[in-house]
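Me: I am new to reading protein models and would like to go through one step by step. Could you help me with some questions about it?

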Amino acid sequence: MIKKVGFVCLVALMVLGMSSCGSSKKAPAATYSDLSGEWQVTEMNGRTLNPTETGQTFVFDTSMNTVSGNAGCNRFSGRVEYNPSQRNIIRMLQVASTRMACLDEEKNALENEFLKNLDKVVRFESLSQEGPVRTVALYGIDNTRLFVINKNLLR
C-alpha cells in the first residue's frame with residue numbers, strides 16, 4: 001500500500017514537473033525575413049541608448065538584401081549577405097554613408113562607433129520573449145553584442 005502511494009506521488013510529481021517545463025516561454029527564433037522593416041538602436045556595445053536622441057536606425061529590406069538607415073547624423077546604405085543554409089548569419093557589405101557635418105561631438109562619436117560596428121556584424125538573434133520578433137541583437141565574430149535593435153517604436 002505504501003509503495004503504491006509513493007509510486008502515485010512520484011508519477012504526479014513527474015507529470016507536474018513536465019507540464020511546468022512546457023509552460024515556460026522561450027524566445028521565438030528570428031528568421032532573416034523577420035529583420036524586414038525599420039528598427040531603432042536601443043543599445044550599442046553594452047550601453048543603453050535613447051533612440052529619439054541618437055536617431056540611429058536600421059532599415060532592412062530582406063527581399064532585396066539591402067540595409068539602410070541613419071547612423072546618427074548621416075544616412076547609410078549597403079548590401080546584406082545572407083545564405084539560408086547558414087541560419088542567422090549575416091554580413092553588411094559595401095556600406096556607404098553621407099558625410100554631412102555633425103557638430104555635436106557626442107553624436108559624432110556615437111556615429112563613428114556605429115559605422116565601425118556595421119563592419120563587425122556577423123549574426124543576429126531574437127531577444128523577444130514571445131509573439132512576433134520585436135527585439136533583435138546583432139553580434140560580432142567574437143560573440144560580442146554590438147547592437148540591440150527594436151522594431152520602430154515611433155510608428
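Predicted model: local features only at pLDDT ≥ 70, side-chain atom pairs only at ≥ 80, totals over all residues.

Me: How many helices and strands does the chain have, and in what order do they run?
Reply: The secondary structure comes to 3 helices and 9 strands. Reading from the N terminus on, the order is α-β-β-α-β-β-β-β-α-β-β-β.

Me: What share of the chain's residues is buried?
Reply: A residue counts as buried when its relative accessible area is under 20%. The chain has 155 residues, and the buried share of them is 37%.

Me: How are the rings of Tyr-32 and Tyr-82 arranged: stacked or edge-to-face?
Reply: A search of the whole structure finds 7 aromatic pairs. In the pair of Tyr-32 and Tyr-82, the ring centres are 4.0 Å apart and the planes are at 5°. Planes under 30 degrees apart count as stacked. The angle of 5° therefore makes this pair stacked.

Me: How many residues apart in sequence are the parts that Tyr-32 and Tyr-82 tie together?
Reply: Tyr-32 lies in the loop between α1 and β1, whereas Tyr-82 lies in strand β5.

Me: What kind of aromatic pair do Phe-114 and Phe-147 form?
Reply: Phe-114 is in helix α3 and Phe-147 in strand β9, 33 residues apart, and the pair links distant parts of the chain. Both of these residues are buried. Their rings are 5.1 Å centre to centre with 65° between the planes, and the pair is edge-to-face.

Me: Which residues do ring pairs link into a cluster?
Reply: Phe-114 and Phe-147 form an aromatic pair. Ring pairs link these two and others into a cluster, whose members are Phe-58, Phe-60, Phe-76, Phe-114 and Phe-147.

Me: Which residue lies over the face of Tyr-139?
Reply: Look at the centre of the Tyr-139 ring, and then at what lies 4.1 Å from it. The residue over the face of this ring is Arg-123.

Me: Which cysteines does the disulfide join?
Reply: A disulfide is a covalent bond between the sulfur atoms of two cysteines. A search of the whole structure finds 1 disulfide, with an S to S distance of 1.8 Å. Its ends lie in the loop between β4 and β5 and in the loop between β6 and α3, 29 residues apart. The cysteines joined are Cys-73 and Cys-102.

Me: Is Cys-102 buried or exposed?
Reply: The cut-off for buried is under 20% relative accessible area. Cys-102 has a relative accessible area of 15%, so the word for Cys-102 is buried.

Me: What is the phi of Asn-143?
Reply: Asn-143 is found in the loop between β8 and β9, and at 48% relative accessibility Asn-143 counts as partly exposed. Asn-143 is not a glycine, yet its phi is positive, at about 70°.

Me: How far apart in space are Ser-126 and Val-136?
Reply: Ser-126 is in strand β7 and is buried, with a relative accessible area of 7%. Ser-126 and Val-136 are 10 residues apart in sequence, and from C-alpha to C-alpha the distance is 4.4 Å.

Definitions and conventions
Residues numbered from 1 in each chain as written. Heavy atoms only, no water. Phe/Tyr/Trp six-rings, centres within 6.5 Å; stacked < 30°, edge-to-face > 60°. Helix = DSSP H or I, 4+ residues; strand = E, 2+ residues; numbered from the N terminus. Buried < 20%, exposed > 50% of the residue type's maximum accessible area, 1.4 Å probe, protein only. Lys NZ or Arg CZ within 6 Å of the ring centre and 35° of its normal. Disulfide = S-S within 2.5 Å.
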